[in-house]
Amino acid sequence: MAMPSPRSIWSLLEPIHAVTYFTPQARAAHEAVGLRGFWRGYVAMRAAPLGPAGLGPVTAVFYNFSPSFLARSLPEVWDIVSPAQALAVRTEGATASLRAYLPDLLDESRIDGVLGTLRGLVSRAGWAGRPLGAANAALPWPDKPVEALWHAATVLREHRGDGHVAVLSAEGVDGVEAHVLRDAEEGNRASIMAIRGWTDVEWDDGVARLAARGLLAPAGGLTAEGAALRAHIEQRTDDLAAAPYRDVDPAELVALADVLRPLARGLATSAVPYPNPTGAPAP
């Protein structure tokens with residue numbers, strides 16, 4: 001078998017991480033500590049590795065969320081839970097989800113057998129300029145295999161996400177514009193606006209800015225320049241995410257993919273919808 005690419009490994013890790021967003025077990029865990037409503041839980045769980053961060057830093061690292069949307073949760077969530085509590089319940093909810101949806105697939109001995117590879121990938125990742133990934137990487141590794149698997153998936157996906165934000169920023173594409181570019185190709189405006197908090201005015205202003213740059217056609221689709229920019233953003237994101245995978249024994253990555261693949265496919269047919277807002281392809 002050919003060596004899996006970093007992007008293909010990400011597509012297998014993303015569903016494992018994403019149970020924290022889509023499952024009733026994860027929501028029940030954060031509601032049990034007083035975080036009522038999906039978005040309070042989401043913001044607290046994802047931002048918790050940063051400590052009690054305020055609206056400014058969280059807006060910067062979440063990037064493609066509307067600041068006014070995030071302001072509905074911040075800084076209020078830190079009056080309800082501490083970051084340490086949020087971290088504890090996010091692990092509880094995520095691992096409860098994995099055990100609930102993959103009861104016949106979670107072979108802890110097989111997972112334990114690839115944790116060395118995952119820890120190696122994390123140890124080789126560069127964290128300069130990657131605040132959310134670095135904050136997760138600084139957390140203690142869980143002792144139990146399933147918890148450690150979810151932790152590794154989370155660290156590596158936030159490493160990739162920070163790189164994606166860096167590319168968008170370098171190309172002068174702001175948070176709402178990133179969604180407009182994707183919508184021009186995929187037609188997902190209604191669903192994305194609802195879950196990222198942008199208003200019609202903010203979205204239309206983003207459309208106008210991209211059109212003025214020659215990236216959107218009058219009918220709303222991507223121009224050749226827009227398509228090239230979107231492809232460049234995705235390719236550059238892949239390039240920046242590939243650093244941890246360099247110099248890894250190909251057999252280790254094949255073994256890792258063999259363990260992850262049935263888990264990801266099991267979640268894709270039960271717990272994690274496709275398509276989804278994370279942008280991950282179906283594994």
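The model is predicted. Its chain has a mean pLDDT of 94, and 98% of the residues reach 70 or more. Confidence is lowest in helix 12 (residues 189-196), where the mean is 89. The highest value, 98, belongs to helix 9 (residues 131-137). Where pLDDT is low, predicted coordinates should not be read in detail.

The nonpolar interior comes next. In soluble globular proteins, nonpolar side chains tend to be buried together. In this chain the largest nonpolar core holds 62 residues. The members that touch the most other members are Leu13, Ile16, Phe62, Leu98, Leu118, Leu256 and Leu267. Residues up to four places away in sequence not counted, Ile16 touches Leu98, Leu149, Trp150, Ala153, Leu260, Leu263 and Leu267. Two of these partners, Leu98 and Leu267, are themselves listed among the members with the most contacts in the core.

Charged side chains form another set of links. The structure has 18 salt bridges. One of them joins Arg46 and Glu158, with 3.0 Å from N to O. This pair links distant parts of the chain, since Arg46 sits in helix 3 (residues 38-47) and Glu158 in helix 10 (residues 145-170), 112 residues apart. Are the two partners buried or exposed? Arg46 has a relative accessibility of 12% and counts as buried because the cut-off is 20%. Glu158 is buried as well, at 2%.

Another salt bridge is formed by the side chains of Arg230 and Glu185, at 2.5 Å from N to O. Arg230 belongs to helix 14 (residues 224-241) and Glu185 to helix 11 (residues 175-186), so the pair ties together parts that are 45 residues apart in sequence. Arg230 has a relative accessible area of 14% and is buried.

Arg261 is partly exposed at 21% relative accessibility, and Asp258 is partly exposed at 30%. Salt bridges also form a network, in which Arg7, Arg160, Glu234 and Asp238 are linked.

Rolling a probe the size of a water molecule over the atoms shows where empty space is left. There are two cavities of 30 Å³ or more, and the largest cavity contains about 90 Å³ of space. Which residues line the largest cavity? The lining consists of Pro6, Trp10, Leu13, Leu156, Arg157, His159, Arg160, Ala241, Pro244 and Tyr245. Helix 1 (6-22) and helix 10 are the elements that give two or more residues to this lining. Helix 10 gives the most, with four residues.

Apart from neighbours within four places in sequence, Pro244 is in contact with Leu121, Arg124, Ala125 and His159. Of these, Leu121 is 123 residues away along the chain, yet the two C-alpha atoms are separated by 5.0 Å.

Thr117 lies in helix 8 (residues 108-124) and is buried, with a relative accessible area of 8%.

Gln25 is in helix 2 (residues 24-31). With a relative accessible area of 25%, Gln25 is partly exposed. Beyond its neighbours within four places in sequence, Gln25 is in contact with Gly93, Ala96, Ser97, Ala100 and Tyr101. Gln25 and Ser97 are 72 residues apart in sequence, with 5.5 Å between their C-alpha atoms.

Methods
Residues numbered from 1 in each chain as written. Predicted model: local features only at pLDDT ≥ 70, side-chain atom pairs only at ≥ 80, totals over all residues. Heavy atoms only, no water. Buried < 20%, exposed > 50% of the residue type's maximum accessible area, 1.4 Å probe, protein only. Contact = heavy atoms within 4.5 Å. Salt bridge = Lys/Arg side-chain N within 4 Å of Asp/Glu carboxyl O. Core = buried A, V, L, I, M, F, W, Y, C linked by side-chain atoms within 4.5 Å. pLDDT = per-residue confidence, 0-100. 1 Å grid on protein atoms, 1.4 Å probe; cavity = no way out; pocket = protein on both sides within 12 Å on 5 of 7 lines; lining within 4 Å. Points joined across faces, edges and corners; volume = space filled by probe spheres on them.
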